[in-house]
2 protein chains.
Amino acid sequence: MRTSEYLITTLKETPSDAEVISHQLMLRAGLIRKLASGLYTWLPLGLKVLRKVENVVREEMVAAGALEVSMPVVQPAELWQESGRWEQYGPELLRIQDRHERDFCLGPTHEEVVTELVRNEIKSYKQLPLNLFQIQTKVRDEIRPRFGLMRSREFLMKDAYSFHRDHASLEATYQVMHGAYSAIFTRLGLDFRPVIADTGSIGGSASHEFHVLANSGEDDIAFSDSSDYAANVEMAEALAPAGERPAPAATMSDVATPGVKTIDDLAALLDIDPATTVKTLVVAGDEPGTLVALVLRGDHSLNEIKAEKLAGVASPLQMAEEAAVRKALGAGFGSLGPVGLSIPVIVDRSAAHLADFVCGANRDDVHLRGVNWERDCPLARVEDLREVVEGDPSPDGQGTLQIKRGIEVGHIFQLGTKYSEAMHATVLDENGKQVTMTMGCYGIGVSRIVASAIEQNHDDKGIIWPTAMAPYELVIVPLNMQKSEAVAECTEALYRQFREAGVDVMMDDRNERPGVKFADMELIGIPHRIVIGDRALAEGQLEYKGRRDAEPTLIDRDAIFAAVMEKLGR
Amino acid sequence: MRTSEYLITTLKETPSDAEVISHQLMLRAGLIRKLASGLYTWLPLGLKVLRKVENVVREEMVAAGALEVSMPVVQPAELWQESGRWEQYGPELLRIQDRHERDFCLGPTHEEVVTELVRNEIKSYKQLPLNLFQIQTKVRDEIRPRFGLMRSREFLMKDAYSFHRDHASLEATYQVMHGAYSAIFTRLGLDFRPVIADTGSIGGSASHEFHVLANSGEDDIAFSDSSDYAANVEMAEALAPAGERPAPAATMSDVATPGVKTIDDLAALLDIDPATTVKTLVVAGDEPGTLVALVLRGDHSLNEIKAEKLAGVASPLQMAEEAAVRKALGAGFGSLGPVGLSIPVIVDRSAAHLADFVCGANRDDVHLRGVNWERDCPLARVEDLREVVEGDPSPDGQGTLQIKRGIEVGHIFQLGTKYSEAMHATVLDENGKQVTMTMGCYGIGVSRIVASAIEQNHDDKGIIWPTAMAPYELVIVPLNMQKSEAVAECTEALYRQFREAGVDVMMDDRNERPGVKFADMELIGIPHRIVIGDRALAEGQLEYKGRRDAEPTLIDRDAIFAAVMEKLGR
């Protein structure tokens, strides 16, 4: 493509309403334009990236045995009523009425539609397993669309749904999808992690999220430095410290701590390590009006998802009001502790490993030092309560945990029979009996991948595309092409040669200053650049620069084609 | 693709609510399934056809210099208010509100959105012309969706919009698009005609529709048997008959015609050719309360679009009420004629060429015979009023007209400045002056092409795909593959050979009776079939059958690959 026949509309200024780097760079590089809040038009350069991602996703899904279909965007309310989601789903579900005042919605997801299709088409277990996918524009009525394509109202999704006669078959397809997703993100050249995810509210049995690692990510990912273990921090198990708990050495005594409300205050006042203290949080029990104390090491944070899954604890987790705590325990927040407590106590594994620790005395402005489990207070129940931190041992026993931020771009999920049961999707088994199908679902945010790739790969000049996603793999920039016949001739010859070799090459033949062209192509993020100028050409040389290179290098005219093809891995 | 790993869901019975053949066959062949009225899911086989059409459309648009973009489906009401269409557009425009009660619509077309984009991005005439296209799901709230994909509520459209500094540039791009459309439908293997279309309500200056010819078409297309002239019947000019009007021979006289109301009655009663009579229709004039008489030959039909474009005639055309006619002219319908009329008379070119004709006497139950223009009644105004009929001379002077039915699958349109003026889309010209851009728009109904190809190409066994659109070009049907090692071996070898040659080949390895497989593949419409059976194979032969062939032929095993490749044109 010649830029003179293309639409290059780069911006010098960063648009004021773009908060994250991917949104800023997509606007500045002319990949997208905003139509209205959360609604974007893909310009030719941006659409080319989106299509490359889409094609990789499609190819790997087909290679994994999935069949592509295309379901309507507009979905009848009746199906959502049948599954129960018409009432459950929040206002992100854009509900509409047609001219006959019949209810429909714009589908953010297609479990109901695909279940309706499959229950009508598939009659026998012999036709299973079946994995159907589509790549489609989805609509979600976000309350506050932001971050460009990270949280927009229209976006491109790959959604797949698999149907099985039993859980073992689901498990097998789930593993195949796990592999396909890894292949997709690897081919796209992204640094990613498949992480164990919470199945919480959707109620399935297993789930992995695929995260692109980037500092701007919304989620914390914990992963081992020596195995492929990775989990959302919410889900990562904190192991009990190794070895025996040390024996008590100190005796328990009061210490006055006037005005101390936090662990930091306490550690500063007593000049001790917060890791030698415990903190006591009070939450609602699962019986109305009851309270439960949760005890963690002073330097650790409560993991609410772990806590609310415990027997005896109300779910979702409710922190107790201070007034109720004072009434039940005789002291307020900041002075609580496990000694002499009259409510059930659950102790975190790390806190349970302490000896001679400091805690609140359950009297305002007083703490206890030299406290020991079992000698000074019972240790009836020990659980995993805390969030993991960097340096914790990996739960799989291999290496230690690192924590990085990630952007969720994919999610695979063992749905089980949630939809097939509600919608009576059955097949006949070997014995002629109706059995409910088991389902899995597998999503990829195709447009989100584009934004997350930029979050992961950029510098102060602009985007740095992985080659597989770049709108063009190579740009040839002639200098003064309009005046120099030698430059024009060399440019056209090389352009033709790369095109014939199947390289996605752009020729920047605009009549602009070199600085403008260089800046534009670096902003747009083309991975490889050849500059053709009169002076070097006279000596039989051209200038090559990779997008991440600090400086260009000179390469012989006769060697440049082979050199760039090698860099492109062809 | 092996059918055992695919989704083949053919139906024996024709679904009762499918009225047209394409809808019936798409359901029976398992290309689509209905989700709700006017909403269809594309199954894998159907989607494969749709994607092939989409790719041909995309490739030809790109080859013609258009740039692909992707605009949101959800569009803000403000833009439609700016163009004036928020009020003008009927209830097919699906209007919605988001959770903040802001108005949006689901775009059936994108003139407003693209004009908003271009007015912001394009500042100088140097950036023009610009032709942007997208291939996108559109939503139209049809009052009565029917005929499957012919008139559905969701459909796939290619829409393009071009921007120009002047009309000459628009004209040039319009011709390029005309050529691209012809290339698209030719590549798809369809019998089509580009026809001159009415620009009526949209108010542009030139327009062509592209019709796929098929007996079930909704439009009548008139085209020359010896040139490339073609027009919607509404638009085809009826030339004046050649030569001079014959001289009067008879004298004018009354004839009693009691109870005669129609030309057929009159011709039967008097035993004359309807082509020797004239009929007089009365319509509203363009001044309130006025009437105008339109006179046509008895065997011709009024073309309302031609009539309402004439000066003096109300537009849209309103036929007069009989009571008003009787009050003004003294007689009712069936007895009117041009003699002694007190209202303006417009005479069709063919009627104006008659001598000694029969017409109503403007007295109930009386007609006149031997009437002649200028002698018995004035011939003040002659116009083209009638619809053309088969055998009329072609308006371009070459050959005679044929009339066939067509299905509109494309439309190109010189919009002019309708949207750019309303929305103030301007560029700076050479002199630094703001000039309003001139626009063209170009649509193709991508999903409609699939249905129209079936309307044009089918028989009592099913669909007959043109090869370019076929879901698979070739099917290999092994007989008794499960038991015969020779059949299995030959099948796998040929399947591999065709795949490696880039042929889109299907292997029907289902454990079904041969008759079931043959019927399914003929219903689905695969253009080429190879049958591999034990008996023929023992003699080194395979059976080949083209989808349109009456009988299969035997071809040597060693020659079959080359023979089929030749039939595929490779």
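Q: Are B:Asp392 and B:Arg386 buried or exposed?
A: Both count as buried: B:Asp392 is, and B:Arg386 is too. The model is predicted. The two side chains form a salt bridge, with the closest N and O atoms 2.9 Å apart.

Q: How many salt bridges does the structure hold over all chains?
A: There are 86. One of them joins B:Lys138 to B:Asp159, with 2.8 Å between the closest N and O atoms. This pair links distant parts of the chain. B:Lys138 sits in strand β7 (residues 130-139) of chain B, and B:Asp159 in strand β8 (residues 154-164) of chain B. The two are 21 residues apart.

Q: Why does B:Lys138 count as buried?
A: The cut-off for buried is under 20% relative accessible area. B:Lys138 has 0% relative accessibility, so it counts as buried. B:Asp159 has a relative accessible area of 4%, so it is buried as well.

Q: Which residue forms a salt bridge with B:Glu543?
A: B:Arg529 does, and the closest N and O atoms are 3.6 Å apart. This pair, too, links distant parts of the chain: B:Glu543 is in strand β29 (residues 541-546) of chain B and B:Arg529 in strand β28 (residues 528-532) of chain B. They are 14 residues apart. B:Glu543 counts as partly exposed at 24% relative accessibility. B:Arg529 counts as buried at 9%.

Q: Which residues are linked in a network of salt bridges?
A: The network takes in A:Arg51, A:Glu54, A:Arg58 and A:Glu68, together with B:Arg51, B:Glu54, B:Arg58 and B:Glu68.

Q: How many salt bridges are counted between chain B and chain A?
A: The count is six. One salt bridge brings together the side chains of B:Arg33 and A:Glu121, at 2.5 Å from N to O. For the contact as a whole, chain B gives 52 residues and chain A gives 51 residues. The chains bury about 4300 Å² between them, and carbon and sulfur atoms carry 65% of it.

Q: Now domains. What are the domains of chain A?
A: Domain 1 covers 3-237 + 403-454, domain 2 covers 253-383, and domain 3 covers 474-568. Take domain 1 and domain 2 of chain A: their C-alpha centres lie 41 Å apart. In the contact, six residues of domain 1 meet five residues of domain 2.

Q: What is the area buried between domain 1 and domain 2 of chain A?
A: About 440 Å², with 40% from carbon and sulfur atoms. On the domain 1 side, A:Asp198, A:Glu234 and A:Glu237 supply 77% of the area buried against domain 2, more than any other three residues. The rule finds one salt bridge across this interface. The side chains of A:Glu237 and A:Arg349 meet in a salt bridge, at 2.9 Å from N to O.

Q: On to sheets. In what order do the three strands of the open sheet of chain A stand?
A: Strands of a sheet pair through backbone hydrogen bonds, either parallel or antiparallel. Here the order is β4-β6-β5 in chain A, and the pairing is antiparallel. β4 (74-76) and β5 (94-97) of chain A are at the edges with a single partner strand each, so one side of each has no neighbour in the sheet. The twist averages 40° from one strand to the next. Four bridges join β5(A) to strand β6 (residues 103-106) of chain A. In that strand, A:Cys105 stands opposite A:Arg95.

Q: Which strand forms a hairpin with β17(B)?
A: β18(B) does, with two residues between the strands. In the turn, B:Asp365 has a positive phi of about 65°. The strands pair in the antiparallel sense over four bridges. B:Cys359 has B:Leu368 in β18(B) as its bridge partner. Six of the seven residues of β17 (residues 357-363) of chain B are buried, so the strand is largely enclosed by the rest of the structure.

Q: Last, a helix. Which residues of helix α13 of chain A are buried?
A: An α-helix has 3.6 residues a turn, so residues three or four places apart point the same way. In α13 (residues 514-524) of chain A the buried residues are A:Lys517, A:Asp520, A:Met521, A:Glu522, A:Leu523 and A:Ile524. A:Ala519 has its place in this helix. A:Ala519 is partly exposed, at 41% relative accessible area. Just after the helix, A:Gly525 takes a positive phi of about 90°.

Definitions and conventions: Residues are numbered from 1 along each chain as its sequence is written. Chains are lettered from A and ligands numbered from 1 in the order in which they are written. This is a predicted model: local features need pLDDT of at least 70, side-chain atom pairs count only at pLDDT 80 or more; totals for chains, interfaces and linings use all residues. Side-chain values use heavy atoms; hydrogens and water are left out. Buried means under 20% relative accessible area, exposed over 50%, partly exposed in between (1.4 Å probe, protein chains only). Two strands pair if DSSP finds at least two bridges between them. Axes are lines fitted to C-alpha atoms, for helices over the stretch in contact, and angles run from 0 to 180 degrees between N-to-C directions. Domain bounds come from an automatic or database domain assignment. Contact means heavy atoms within 4.5 Å. Buried area is the accessible area (1.4 Å probe) that two parts lose on being put together, summed over both. A salt bridge is a side-chain nitrogen of Lys or Arg within 4 Å of a carboxyl oxygen of Asp or Glu.
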